[in-house]
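Please examine the sequence and the three-dimensional model shown below. The paragraphs that follow begin with a single residue, turn to the overall fold, and then consider several further positions.

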Amino acid sequence: MKLNIDNTFFSELSADTIKENFTRQVENACYSLATPIQTKAPKLIHVNSEVAKQVGFTVEDLNSEKFNNLITGNFIYPSTLPYAMCYGGHQFGNWAGQLGDGRAINLFQVLTDRSLTLQLKGAGKTPYSRTADGLAVLRSSIREYLCAEAIHHLGIPTTRSLSLALTGDQVLRDVLYNGNPAYEPGAIVCRVAESFIRFGNFQIFASRNDKKNLKALLNYTIRHHFSHLEENNKSHYAMLFQEIVNATVNMIVHWQRVGFVHGVMNTDNMSILGLTIDYGPYGWLDHYDTDWTPNTTDSQNRRYRYSQQPNIGLWNLYQLANAIYLVTEDAPPLEEALNSYKTQFESQNLKMRSAKIGIDSPSDKDKILLDDLESHLKLIETDMTIFFRLLAKAKKIEDCLDAFYHPNQLKGEVLATWEMWFDQYQSRLATENQLEKDRIVNMNNTNPKYILRNYMSQLAIEAAENGDYDLINELYELIQNPYDEQPENEKWFAKRPEWAKNKVGCSMLSCSS
């Protein structure tokens, strides 16, 4: 096993002067040393060969005991020191102070055609674990492992999954936070990204008026991730912020396109590269309820509901702008970047929504057609993914019948409303300058046929907890090509089963999920 180690974050930024790994407030440091715990019986149950190849692992490496030990924290690669990052953040709109990598440990960076960081999630306590144990269970690990790959293959920026492994240890968890904890099998996901730097990495230094480390982190970010910009240049710090704004808009427009709800859009869960990061209580719009959130912690206020994600993206960027202002001391360029968020989002969102219904050249008039559609989707319980996939070939509402959970409700005023919309829609398509076959292809490349619905992950979890990992692999293969027909997998092109509507793990989840 030979990797091209490139530990720039570790070598170029300030380290915690305390070397021992115990929970504490960490001052004047970007990271602290944190050695993964030794696990009882590490067992690799799935590996992503594509990501492994990008990192530099050979097929022989992947079959070795050393790899098994590396991705479970039982082997430290030579000349590296694992570490946890220091950051703060706003959680559910409130400043939470220091947070940091509480159950994530960075192993090292690897240099291939770009720098990639390997990070273990669930490998034990760090100085940022607070009262938690820093561990993860198989349930949450399967969800993260599969969903990161599902999001990637849907064409959405994200962290990637390298491996999923059992630890052989039992972990105590209270799934519903209702005072009924139980032991579950422990697991570790090794995830990979160009960077795990978050909005909160900058916020923690701004909150402490630590300009030295804030500026060092800005320079580092430019040096390694936005090298076309200049270090030690206040105007270029503002330009960096503009690029983060752009990347955030792009990510959230994609989330809205496929009906993905992140569930925990705290500022410490926002990537400066616009990557989808930290898969906890995420979910998908199995039916088109734009006020839905998958997070039990958020069930009352629904701050992070599907329809609110664009606004939360902007709110989070405001907090990042406040942090960067401490160094630039020049508000107008940051305000200009923030103002561009709404303009960019409206433009990209209109283009995306139009593409979903096959309109290649949208105008302002199309907003009415689109708004009416989204209103109609709420008339009776409707599966978002299935509806838009069927729409590509639909001439009338009956062609989308399979998208309705209770098709017998499609009658009377509801039916008349839909029939009127389809008449308007077909008239609008007739004005488009594209062949029908091309429109269908374009719509199918915009609207996935397969998404990783929560009930699907739950089935894989329940099988895995009984020692059967076949469904993990089946779903992993399915999500590689979510826009393709895949006749052999037609069973997964189906509405959420009734049994999954309110089942734990299939509807709403806690932050420990």
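Predicted model: local features only at pLDDT ≥ 70, side-chain atom pairs only at ≥ 80, totals over all residues.

Is Lys 501 buried, exposed or partly exposed? Lys 501 counts as partly exposed, because its relative accessibility is 32%, where buried means under 20% relative accessible area, exposed means over 50%, and partly exposed lies in between (1.4 Å probe, protein chains only). Lys 501 lies in the segment after α16 (470-478); helices (H or I, at least four residues) and strands (E, at least two) are DSSP runs, numbered from the N terminus. When residues up to four places away in sequence are not counted, Lys 501 touches Glu 381, Arg 496 and Ser 507, a contact being heavy atoms within 4.5 Å. Lys 501 and Asp 286 are 215 residues apart in sequence, and their C-alpha atoms are 9.3 Å apart in space.

Residues are numbered from 1 along each chain as its sequence is written, and side-chain values use heavy atoms, with hydrogens and water left out.

The overall fold may now be considered. The protein contains 16 helices and 11 strands. The C-alpha trace spans about 70 × 60 × 45 Å along its principal axes. The radius of gyration of the protein is 23 Å, which agrees with the value near 24 Å that a compact globule of 513 residues would have; the radius is taken over C-alpha atoms, and the globule rule is 2.2 Å times the number of residues to the power 0.38. Of the 513 residues, 59% count as buried. Of the contacts between residues at least 6 apart in sequence, 70% join residues at least 24 apart.

The accessible surface of the protein comes to about 20500 Å², and 49% of it belongs to carbon and sulfur atoms; accessible areas come from the Shrake-Rupley method with a 1.4 Å probe, and for residues only the protein chains shown count as cover. The protein has 50 positive and 61 negative charges, whose mean positions are 2 Å apart. Lys and Arg count as positive and Asp and Glu as negative, whereas His and the chain ends are not counted; the place of a charge is taken as NZ of Lys, CZ of Arg, CG of Asp or CD of Glu.

Strand β1 (residues 31-33) includes Ser 32. Ser 32 is buried because its relative accessible area is 1%. The side chains of Ser 32 and Asp 16 are joined by a polar contact of 2.9 Å; such a contact is a pair of N or O atoms within 3.5 Å, and within protein one must be able to donate a hydrogen and the other to accept it, with residues adjacent in sequence counted only if both atoms are side-chain atoms. Beyond four places in sequence, the residues that Ser 32 touches include Arg 24, Val 26, Pro 82, Tyr 83 and Tyr 128.

Two positions in strand β8 (residues 160-173) follow. Arg 160 is located in this strand and, at 9% relative accessibility, counts as buried. A polar contact of 3.1 Å links the side chains of Arg 160 and Glu 50. The contacts of Leu 166 outside four places in sequence include Ala 41, Thr 72, Leu 138 and Tyr 469.

Helix α10 holds Ser 340, which counts as buried at 17% relative accessibility. With neighbours within four places in sequence left aside, Ser 340 is in contact with Gln 242 and Val 245. The C-alpha atoms of Ser 340 and Asn 246, 94 residues apart along the chain, are separated by 8.5 Å.

Two loop residues remain. Ser 79, in the loop between α4 (65-70) and β3 (83-85), has a phi near 65°, a positive value in a residue other than glycine. Ser 79 counts as exposed, because its relative accessibility is 78%. Glu 329, in the loop between α9 (309-328) and α10 (331-356), has a positive phi near 50° and is likewise a residue other than glycine.
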